[in-house]
Amino acid sequence: VIPPGETAKTLSQAELCLRQMAVLGITRSDRLIALGGGVVGDIAGFCAHTYQRGIPVVQVPTTLVAQVDSAYGGKTGVDLPEGKNYVGAFHLPSVVITDVSTLGTLPPEELTAGMAEVIKTALLVGGNLWQEVLKLQPGEITSREDLIYACVRYKCRIVAQDERDTGLRAVLNFGHTVGHAIEAATGYSRYRHGEAVALGLLAALRLSDAPELRQTVRNWNETHGLPVRLDPSIAVDSVLQAVQFDKKKTAKGVGFVLLSEPGEPATDCILPVERVKESIEELTL
């Protein structure tokens, strides 16, 4: 059992897990089961990848964020103070078992946070999924296995074409560049991952020059209880600095995922720092 929340996603926590696995006598013929949310899945996958040079991991996601996104695709790891997911490895699960009924046990705020990944996926897919997600009422997602499964199918289709995140898979980072920066700038303790992504989506849509779509998403966020404003006590420059530590940064700079119409994302968009700052400043208004 590990502590809840992103602050537990550390090298020291991973070491505790690995040492306990050793004490328990886990062997290379065993497998590790991750029962919980995204943090549990990320740490378990990382430990499974590194323990005795690799054992299988089974993901059993119990939060909405994990059920629609993080349990699939094999991205595992922990955070550093300098950046989110800076230490990790690709380690695909041998199986993912998703029981949507577990969402009924979530605290309301955890379910709400997961809705950010639902609207993100709907924006990337467009079409019918976008229209269906737009019509969702607060709390309705717990009875919509069809929508959760549609999100999963999309992510798995992308991952199957780009397992190691060298091209197409970058679309899944939509909203996460600024979102991860907000998490890092606030010590992973002010916002849940989904809440930070909700703000990151608004920044990305500002950068995409899509004011009407941004307003639609902003209204949807408000309806579902997701944040639409950055806490004014958080310095814009601290978030901007954290953007520069995005783990996908290359020699060209930080590449953003932009989207002006649902279903039409563009990746690896290098933008002037001034524009990025403006998109973060807008979150404080």
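## Exposure at A160

A residue counts as exposed when its relative accessible area is over 50%. In this predicted model, A160 has a relative accessibility of 67% and therefore counts as exposed. A160 belongs to helix α6, which covers residues 145-161. Between A160 and A242 there is a separation of 82 residues in sequence, and their C-alpha atoms lie 30 Å apart in space.

## Burial at Q59

Q59 lies in strand β2, formed by residues 57-61. Is this residue, Q59, buried or exposed? Its relative accessible area is 7%, and because buried means under 20%, Q59 is buried.

Once neighbours within four places in sequence are set aside, the contacts of Q59 are A34, G41, G45, A71, P93, V95, V96 and I97.

## Helix α7 and its cover

Helix α7 spans residues 176-185 and is mostly covered, with nine of its 10 residues buried. The buried positions are H176, T177, V178, G179, H180, A181, I182, E183 and A184.

Several elements contribute to the cover over the buried residues of α7. Among them are the strands β4 (83-90) and β6 (255-259), together with the helices α4 (108-125), α8 (193-207), α10 (236-243) and α11 (273-282). After α7 comes G187, which has a positive phi, near 65°.

Helices α4 and α8 pack with their axes 6 Å apart, at an angle of about 40°. This angle makes α4 oblique to α8, and the crossing is left-handed. On the α4 side the contact involves A113, A116, E117, I119 and K120, which meet H193, G194, E195, V197, A198 and L201 of α8. Sorted by class, the contact of α4 with α8 comprises six nonpolar, two polar and three charged residues.

Helix α8 also packs against α11, here at an angle of about 130° and with the axes 9 Å apart. The two helices, α8 and α11, are therefore oblique to each other, and their crossing is right-handed. A203, R206 and L207 of α8 meet R275, V276, E278, S279 and E282 of α11. By class, this contact of α8 with α11 holds three nonpolar, one polar and four charged residues.

## Nonpolar cores

In soluble globular proteins, nonpolar side chains tend to be buried together. In this model, the largest nonpolar core has 66 residues. Those with the most contacts inside this core are L64, F174, V178, I182, L230, F256 and I280. Helix α8 gives the most to the core, with 10 residues.

Which residues does L230 touch, not counting residues up to four places away in sequence? They are I182, Y191, L199, V239, I280, L283 and T284.

Notes: Residues are numbered from 1 along each chain as its sequence is written. This is a predicted model: local features need pLDDT of at least 70, side-chain atom pairs count only at pLDDT 80 or more; totals for chains, interfaces and linings use all residues. Side-chain values use heavy atoms; hydrogens and water are left out. Helices (H or I, at least four residues) and strands (E, at least two) are DSSP runs, numbered from the N terminus. Buried means under 20% relative accessible area, exposed over 50%, partly exposed in between (1.4 Å probe, protein chains only). Contact means heavy atoms within 4.5 Å. Axes are lines fitted to C-alpha atoms, for helices over the stretch in contact, and angles run from 0 to 180 degrees between N-to-C directions. Angles under 35 degrees count as roughly parallel, over 145 as roughly antiparallel, 65 to 115 as roughly perpendicular and the rest as oblique. A crossing is left-handed if the near helix is turned anticlockwise from the far one by less than a right angle, and right-handed if clockwise. Ala, Val, Leu, Ile, Met, Phe, Trp, Tyr, Cys and Pro count as nonpolar, Asp, Glu, Lys and Arg as charged, and the others, Gly among them, as polar. A nonpolar core is a set of buried Ala, Val, Leu, Ile, Met, Phe, Trp, Tyr and Cys residues joined through side-chain atoms within 4.5 Å.
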